[in-house]
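Colleague: I am new to this structure and would like to go through some of its side chains. Please put it up and take my questions one by one.

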Amino acid sequence: TIPLALAGKHFRVIDSSQEMLDILVGKANKHGVSDRISVELGDIEDLNLPDCSAEAVLSIALVRHLGDPSRAVSELSRILMPNGIFVLDYLSKYYFLIPNIFSSIISFTSFRKGSKWFKNYYYSKSQFDSQLEKNFIYSKSFRRFVSIPTALLNLLPSPVVFFLLKLEFKFNVGSIVYVLGVKK
């Protein structure tokens, strides 16, 4: 959010965690972009926004914690204008299966933020494509990266991590999948 706000974009940020919203507000103030960001406590499965009111939607590191993303994808599509841009990520079910299994063993398929645990769910490309198409969103690209478990990345020096991430992005490999789509 901050880099895009620094580039002049305006955002309405909705999160179910007041703690995360407070962190964002602090960063926005620090970078002088608080006038470009409005924050609201909310739920991705029941957004308090009018139909076709967003030019673009961006949902990163959320869908992977939903056992059934259909309601969230439906809500994001509902608020998105025709020809609007849709960006989200999910965890690949089959791509780089060994790192996924290793990562699952280390983290017990969960992510911890503060006192909350969030279970990870993995999806195949066809599962996600059908979710998107059902909601009139057509994917333009799928990009994969981060096949190395976070627990191992944290042990490596930053230059090595950035080099590995560049390689993964260049060759479109990894278990996190970014989807860029357009609503028709």
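Colleague: Is Arg-12 buried, partly exposed or exposed?

Modeller: This is a predicted model, and the values here are computed from it. Buried needs a relative accessible area under 20%, and exposed needs one over 50%. Arg-12 has a relative accessible area of 45%, so Arg-12 is partly exposed.

Colleague: Which residue forms a salt bridge with Arg-12, and what parts does the pair tie together?

Modeller: Side chains of opposite charge can pair when their charged atoms come close. For Arg-12 and its salt-bridge partner Glu-40, the closest N and O atoms are 2.6 Å apart. Arg-12 lies in strand S1 (residues 11-15) and Glu-40 in strand S2 (residues 37-41), so the pair ties together parts 28 residues apart in sequence. The partner is Glu-40, and the parts are strands S1 and S2.

Colleague: Is Glu-40 buried or exposed?

Modeller: The cut-off for buried is under 20% relative accessible area. The value for Glu-40 is 19%, so Glu-40 is buried.

Colleague: How many salt bridges does the structure hold?

Modeller: The pair of Arg-12 and Glu-40 is a salt bridge. Glu-75 forms one with Arg-71. The structure holds six.

Colleague: How far apart are the closest N and O atoms in the salt bridge of Glu-75 with Arg-71?

Modeller: Glu-75 and Arg-71 both lie in helix H3 and are four residues apart, about one turn of the helix. Arg-71 is partly exposed because its relative accessibility is 39%. A salt bridge requires the nitrogen to be within 4 Å of the carboxyl oxygen. In the pair of Glu-75 and Arg-71 the closest N and O atoms are apart by 3.8 Å.

Colleague: With Arg-78, how far apart are the closest N and O atoms of Glu-75?

Modeller: Arg-78 is also in helix H3, three residues from Glu-75 and about one turn of the helix away. Arg-78 counts as partly exposed because its relative accessibility is 24%. In this salt bridge the closest N and O atoms are apart by 2.8 Å.

Colleague: What is the relative accessible area of Glu-75?

Modeller: Residues under 20% count as buried. Glu-75 falls in that class because its relative accessible area is 3%.

Colleague: Turning to the rings, how are those of Tyr-90 and Phe-128 arranged?

Modeller: The count of aromatic pairs comes to two. In the pair of Tyr-90 and Phe-128 the ring centres are 4.3 Å apart and the planes are at 0°. Planes under 30 degrees apart count as stacked. The arrangement of this pair is therefore stacked.

Colleague: Which elements hold Tyr-90 and Phe-128?

Modeller: The pair links distant parts of the chain, 38 residues apart. Tyr-90 is buried, as its relative accessible area is 0%, and Phe-128 is buried at 1%. Tyr-90 is in strand S4 (residues 80-92), and Phe-128 is in helix H5 (residues 125-134).

Colleague: How are the rings of Tyr-123 and Phe-128 arranged?

Modeller: Their centres are 5.6 Å apart and their planes are at 75°. Planes over 60 degrees apart count as edge-to-face. The pair is therefore edge-to-face.

Colleague: Which residues do the ring pairs link into a cluster?

Modeller: Phe-128 pairs with Tyr-90 and with Tyr-123. Tyr-123 is buried, with a relative accessible area of 7%. The cluster is made of Tyr-90, Tyr-123 and Phe-128.

Colleague: Which residues make the nonpolar surface patch of about 240 Å²?

Modeller: Patch residues need over 30% relative accessible area. Leu-4, in helix H1 (residues 2-6), has 38%. Ile-60, in the loop between strand S3 (54-59) and helix H3 (70-79), has 35%. The patch is made by Leu-4, Leu-58 and Ile-60.

Colleague: Is Ser-59 buried or exposed?

Modeller: Ser-59 is found in strand S3. Its contacts beyond four places in sequence are Ile-44, Leu-76, Val-87, Leu-88 and Asp-89. Its relative accessibility is 6%, so Ser-59 counts as buried.

Definitions and conventions. Residues numbered from 1 in each chain as written. Predicted model: local features only at pLDDT ≥ 70, side-chain atom pairs only at ≥ 80, totals over all residues. Heavy atoms only, no water. Helix = DSSP H or I, 4+ residues; strand = E, 2+ residues; numbered from the N terminus. Buried < 20%, exposed > 50% of the residue type's maximum accessible area, 1.4 Å probe, protein only. Patch = residues over 30% accessible without salt bridge, like charges linked within 9 Å, V, L, I, M, F, W, Y side chains within 5 Å. Areas by Shrake-Rupley, 256 points an atom, 1.4 Å probe, with all protein chains shown as cover. Salt bridge = Lys/Arg side-chain N within 4 Å of Asp/Glu carboxyl O. Contact = heavy atoms within 4.5 Å. Phe/Tyr/Trp six-rings, centres within 6.5 Å; stacked < 30°, edge-to-face > 60°.
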